[in-house]
Amino acid sequence: ETAARFKAGLENAIPEVLRDLLKAYVVVRFGGDELLPLFVKLLYAEHGEVRQAAVEAMRHLGIDRVSGAVKDLAVLLADPVPSVRSAGCEALAWLGADAAQAVPALVDCVHGDDELDIQVSAARGLTIIDPNGVELAKVTDHTKRDALIEGLRQLDHVGRALRRLLPPLWT
């Protein structure tokens with residue numbers, strides 16, 4: 001009963017309070033299986049701070065639970081708020097290979113985002129999710145491939161892991 005009232009109150013809280021409540025709620029760990037649908041719903045909240053807090057809170061639920069929300073996390077890569085896009089990139093990278101279906105959204109982020117930090121975060125995510133570039137080579141059409149190769153070259157400071165992605169794209 002307490003958990004149900006708490007969940008109902010979350011939807012009407014102001015962003016700052018909601019962020020703190022989400023973190024506290026996860027720490028208490030009221031049934032993670034019940035929380036994932038709530039956090040996914042909050043990924044579509046009106047306030048960017050709430051969306052970002054939901055992403056951060058989801059990470060406390062564990063990879064096995066959050067892997068079911070890859071599509072919803074990938075949607076955040078087109079969010080109008082840079083910190084939400086960044087949190088989305090980081091969460092997908094944290095999921096690793098379980099986030100393979102997000103590779104196209106990360107590719108779009110690498111060569112289409114206006115923020116260099118987010119381009120770098122997306123590129124790092126690609127190196128973790130698809131370290132050999134196998135999924136990347138499958139989903140990248142030739143037009144995007146040329147733009148992506150150029151974008152990855154410009155982000156060369158990301159390091160060796162990023163450079164491993166380039167050879168599969170050249171074929």
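A crossing of two helices is left-handed if the near helix is turned anticlockwise from the far one by less than a right angle, and right-handed if clockwise. In this structure α4 passes α7 in such a left-handed crossing. The structure is a predicted model, in which local features need pLDDT of at least 70 and side-chain atom pairs count only at pLDDT 80 or more, while totals for chains, interfaces and linings use all residues. Residues are numbered from 1 along each chain as its sequence is written, and side-chain values use heavy atoms, with hydrogens and water left out.

The chain has 13 helices and 0 strands. Helices (H or I, at least four residues) and strands (E, at least two) are DSSP runs, numbered from the N terminus. Of the 171 residues of the chain, 47% count as buried, where buried means under 20% relative accessible area, exposed over 50%, and partly exposed in between (1.4 Å probe, protein chains only). Contact means heavy atoms within 4.5 Å. Among contacts in the chain between residues at least 6 apart in sequence, 62% join residues at least 24 apart.

The helix packing may be considered next. Two packed helices are described by the angle between their axes and the distance between the axes. Axes are lines fitted to C-alpha atoms, for helices over the stretch in contact, and angles run from 0 to 180 degrees between N-to-C directions. Helix α4 (residues 48-58) packs against α7 at an angle of about 15 degrees, with the axes 9 Å apart. Angles under 35 degrees count as roughly parallel, over 145 as roughly antiparallel, 65 to 115 as roughly perpendicular and the rest as oblique. The helices α4 and α7 are therefore roughly parallel to each other. On the α4 side, G48, R51, Q52, V55 and M58 meet S83, V84, A87, G88, A91 and W94 in α7. The residues of this contact of α4 with α7 divide into 6 nonpolar, 4 polar and 1 charged. In this classification Ala, Val, Leu, Ile, Met, Phe, Trp, Tyr, Cys and Pro count as nonpolar, Asp, Glu, Lys and Arg as charged, and the others, Gly among them, as polar.

Helix α7 also packs with helix α9 (residues 116-129), at an angle of about 15 degrees and with the axes 8 Å apart. The two helices α7 and α9 are therefore roughly parallel to each other, and their crossing is left-handed. From α7, the residues P82, R85, S86, C89, E90, L92 and A93 make the contact, and from α9, I118, S121, A122, G125, I128 and I129. By class, the contact of α7 with α9 has 8 nonpolar, 3 polar and 2 charged residues.

Helix α9 has a further partner in helix α8 (residues 103-112), with which it packs at an angle of about 145 degrees, the axes being 8 Å apart. This crossing of α8 and α9 is likewise left-handed. The contact is made by V103, L106, V107, C109 and V110 of α8 and by I118, Q119, A122, A123, G125, L126 and I129 of α9. The contact of α8 with α9 comprises 10 nonpolar, 2 polar and no charged residues.

L106, found in helix α8, is buried, with a relative accessible area of 0%. Leaving aside residues up to four places away in sequence, L106 touches L77, C89, L92, A122, G125, L126 and I129. L136, in helix α10 (residues 134-139), also counts as buried, at 0% relative accessibility. The C-alpha atoms of L136 and L106 are separated by 9.6 Å, although these residues are 30 residues apart along the chain.

At another position, L95 lies in helix α7 (residues 82-95) and is buried, with a relative accessible area of 4%. Not counting residues up to four places away in sequence, L95 touches I63, V66, S67, V70 and L73. L95 and G62 are 33 residues apart in sequence and 9.1 Å apart in space, C-alpha to C-alpha.

S67 is buried, with a relative accessible area of 18%. Its side chain reaches the backbone oxygen of I63 at 2.7 Å. With residues up to four places away in sequence not counted, S67 touches L95 and D98.

Notes
Polar contact = N/O pair within 3.5 Å; in protein donor to acceptor, adjacent residues only side chain to side chain.
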